[in-house]
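Please keep the sequence and the structure in view while reading the points below.

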Amino acid sequence: MTTRRTFLAAAAAVPALVAAAPGTAPGGSGTTGAIGATGATTPGAAGTAPPGSRLANPAHLRFLLDTVPLPAVDAHTTYRIAEEPAALAPWTYADADGGTFRRVGGGTLDPATGHWSQGAYNADDIARAAVVLLRDWKAASDGESREQAYQLLRTLTYLQDDSGPHAGRVVLWQQPDGVLNPSAEPVELPDPSNSAESYWLARTVWALGEGYAAFAADDPAFAQFLLDRLHLAIGALEQESLSRYGRRVRSDGVPLPEWLIARGADATAEAVLGLVAAVRVLPRDRQLSRALDRYAEGIAAMGTTDTRPWPFGAVLPWTGSLGFWHAWGAAAPEALAAAGALRGRRDWRRAALADAGTFTPLVLATGGPFNAWTPAPGEAQIAYGAHGRVASALAAADAGGGEGLRVLGGLAAGWFFGANPAGVPVYDPATGVTFDGVETDGRVNRNSGAESTIHGLLAMQLLDARPDVAAVARSITGPVAHDGLRVLDAEAARLGAGCEVVRPAEGAWTGEGNLVGGGYVRVPPGSTVEFDVPGAGAGAGAEERAGAGTRTAGAWALPLVWRTAVPAGRARWEVVGGPRLGRTENGGTGPAGLTEADGSLVPQLLDRPLPDAGRPGGVPAGGVVTVRCTNEGGGDLRLDALLLRPAVATARWSTTAGTDAVLHAGSTARATSAPALAAGSGAAYLPDGRVDRRVAVASPDASVPVPAGGFTITR
């Protein structure tokens, strides 16, 4: 694993093509370089599960598992190591090979030693695979899953230091012969991987918590061993992140919590999932309860109360940037919902509901679970992000949200069955294979490594437990159209006198986000930039209005400015021949604090939306709105782009019945209505998923209500 800084600097300018071998990502595990094979294969052809059968099929995950020796070394031992000197671990990757798969390690293979520059197995995937098989055991009474979960937990605890200066922390990589590789190539931070808290330590807490809860009544001796190791892990965290509990640091003008694991709500959330499982069984364990409460408080501090500005209700995953969201943060609302329900904290549940009920509809209307919004959405779509949207919606529903969140979870889960840029299923219930991703242009990475397999199965387990949600997901066969967040690059706008396009030598990555198009426009004081925005006239047809980018009347504009730390004046925004929209700051963020660089790249919401056609100050039907930005002075303006969020965003999918599932997501401050786009029945939902009113739509041209900030679903 790399740090976020290393990964994002490498991937800043151009998203990696999913046709290549999977690469390192925040929260992921390693990069495949030269590929070697173990010679093992498994069927990879698509199949169809019998109607009514379980969707979660662990067959491919079982194929990834291999026996790993556990050699005796200082500070590394495990449960019954003398009696059982070997256990199980999943290979990190599985490359498609003519209808079969080859199990592959991370990095380059040394044929002489059989070692990989990273390793064959990693703690991240071992921990998450254990969670999958623990849940499979409990859901299906599957003895094989129980045994495999037991063996995975033995390997995971072997990777954890049980004594010495790094006690409680975890080595990330392990070779096929069981040898640990604390310092992988390329270098990953922390280095050595057990020298500080990390993603893999957080995921170890997740697996140990769920493992203890599962084995507490079944095998008390093993459960006690897992509990002891969980306390050891929390003890290590108490020396680092938890020792900073309560400290907030003003970062780019915003106070951020300093006590998140590896500085992220993303890593911390996965630890909280394990703590919730353990505390349910041991409510009087003070150490675990204290860690749960403090970490959940830190995650909630990364949430938002106003869902109209950036990040649109999402829980930000990383204190390193205020303008960066990635799919590895998708567990945050799930963890907040679970912790809030367990501990009776309404504020935690509110943050989860905002993420699930506001950000998820916008994600779907923007084209699906892109891996990162930096802050413009981009990169491939992967199972990790898709599962996160499903899990957050359903966890929020379980924590007090309304039925609309269950339907929303089903629509999000449609990604696995064809509601993705490729329009094809990426999960096969007959084999348990989940493909490694779908590129923005629809290319499919047909490899199926551990992470994709694990998160595909986690999503399927959620569906198996909720047949009504599964029915929604399985009915969706492909995307039709979507109209969500749009991005207008300032470099393509009409530039006034003295403006110049600047492309930083270091590339698109600013240290905290990606510049749209790889550069920005420097606007000197007094100069202007004009954006031509297509209008949505009253005479436009329903089908045209459903197309991407046509519903801009009433849209909210969010200029994307690369602000400086020091004050640099303001810019005025207005519609040419129409109303003023508001102002944005050129600088003045203040000290970086916990963020990675001075200044920030964060969308700034203007005060007024774009005008509606036919209204005073509006535009003619089918016309163009010209939005002008004027730098009022005080310093240069670094203008990157103009983001447009429709007042009513839409997404449509084809279904097995030949009809459309239609989602309308509202960003308006008051209730409104929108063309139905397809006949059917459904409901208008408040942002928390509660029903506002039922709807029955006779024709695609009929109007349906959209509650303020809520969403409407017709099927």
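Does cysteine 629 count as buried or exposed? At 0% relative accessibility, cysteine 629 counts as buried. The model discussed here is predicted. Its chain has 715 residues, of which 63% are buried, and its secondary structure comes to 15 helices and 37 strands. Among contacts between residues at least 6 apart in sequence, 72% join residues at least 24 apart.

**Cysteines**

- A search of the whole structure finds zero disulfides.
- The cysteine sulfur closest to that of cysteine 629 belongs to cysteine 499, at 8.5 Å. A disulfide requires two cysteine sulfur atoms within 2.5 Å, and the separation from cysteine 499 is therefore too far for a bond.
- For cysteine 499, the closest cysteine sulfur is in turn that of cysteine 629, again at 8.5 Å.
- Cysteine 499 is buried as well, with a relative accessible area of 16%.

- Most peptide bonds are trans, and most residues other than glycine have a negative phi. The following points describe departures from these two patterns.
- The peptide bond that leads from glutamate 185 to proline 186 is cis, with omega near 0°. Proline 186 is located in the loop between strand 9 (180-181) and helix 5 (199-215).
- Another cis peptide bond joins threonine 374 to proline 375, with omega near -5°. The loop that holds proline 375 runs between strand 13 (370-373) and strand 14 (377-381).
- Arginine 80 is not a glycine, yet its phi is positive, near 55°. Arginine 80 lies in the loop between strand 1 (65-69) and strand 2 (86-90), and at 38% relative accessibility it counts as partly exposed.
- Alanine 262 also has a positive phi, of about 50°, although it is not a glycine. Its place is in the loop between strand 11 (254-257) and helix 7 (265-281). With a relative accessible area of 24%, alanine 262 is partly exposed.

**A buried glycine in a loop**

- Glycine 511 is found in the loop between strand 22 (500-502) and strand 23 (520-523).
- Its relative accessible area is 17%. Buried means under 20%, and glycine 511 is therefore buried.
- Which residues does glycine 511 touch, not counting residues up to four places away in sequence? They are Trp318, Glu596 and Ala597.
- Glycine 511 and glutamate 596 are 85 residues apart along the chain, while their C-alpha atoms are separated by 5.8 Å.

**Helix 5 and helix 7**

- These helices pack at an angle of about 20°, and the axes of helix 5 and helix 7 are 7 Å apart.
- An angle under 35 degrees counts as roughly parallel, and helix 5 and helix 7 are therefore roughly parallel to each other.
- The crossing of helix 5 and helix 7 is left-handed.
- On the side of helix 5, the residues that make the contact include Tyr199, Trp206 and Tyr212; among those of helix 7 are Asp266, Leu273 and Val281.
- By class, the contact of helix 5 with helix 7 has 13 nonpolar, two polar and four charged residues.

**Helix 9 and helix 10**

- Helix 9 (residues 331-343) packs with helix 10 (residues 346-365) at an angle of about 150°, and their axes are 8 Å apart.
- Helix 9 passes helix 10 in a left-handed crossing.
- Helix 9 contributes Pro333, Leu336, Ala337, Ala339, Gly340, Ala341 and Arg343 to the contact, and helix 10 contributes Trp348, Arg349, Ala351, Ala352 and Asp355.
- Sorted by class, the residues in this contact of helix 9 with helix 10 are eight nonpolar, one polar and three charged.

**The surroundings of helix 14**

- Which residues of helix 14 (residues 467-475) are buried? They are Val469, Ala470, Val472, Ala473 and Ser475.
- The helices against which these buried residues of helix 14 pack are helix 11 (383-398), helix 12 (404-413) and helix 13 (450-464).
- The buried residues of helix 14 also pack against strand 19 (476-483) and strand 31 (648-655).

Methods:
Residues are numbered from 1 along each chain as its sequence is written. This is a predicted model: local features need pLDDT of at least 70, side-chain atom pairs count only at pLDDT 80 or more; totals for chains, interfaces and linings use all residues. Side-chain values use heavy atoms; hydrogens and water are left out. Helices (H or I, at least four residues) and strands (E, at least two) are DSSP runs, numbered from the N terminus. Buried means under 20% relative accessible area, exposed over 50%, partly exposed in between (1.4 Å probe, protein chains only). Contact means heavy atoms within 4.5 Å. Axes are lines fitted to C-alpha atoms, for helices over the stretch in contact, and angles run from 0 to 180 degrees between N-to-C directions. Angles under 35 degrees count as roughly parallel, over 145 as roughly antiparallel, 65 to 115 as roughly perpendicular and the rest as oblique. A crossing is left-handed if the near helix is turned anticlockwise from the far one by less than a right angle, and right-handed if clockwise. Ala, Val, Leu, Ile, Met, Phe, Trp, Tyr, Cys and Pro count as nonpolar, Asp, Glu, Lys and Arg as charged, and the others, Gly among them, as polar.
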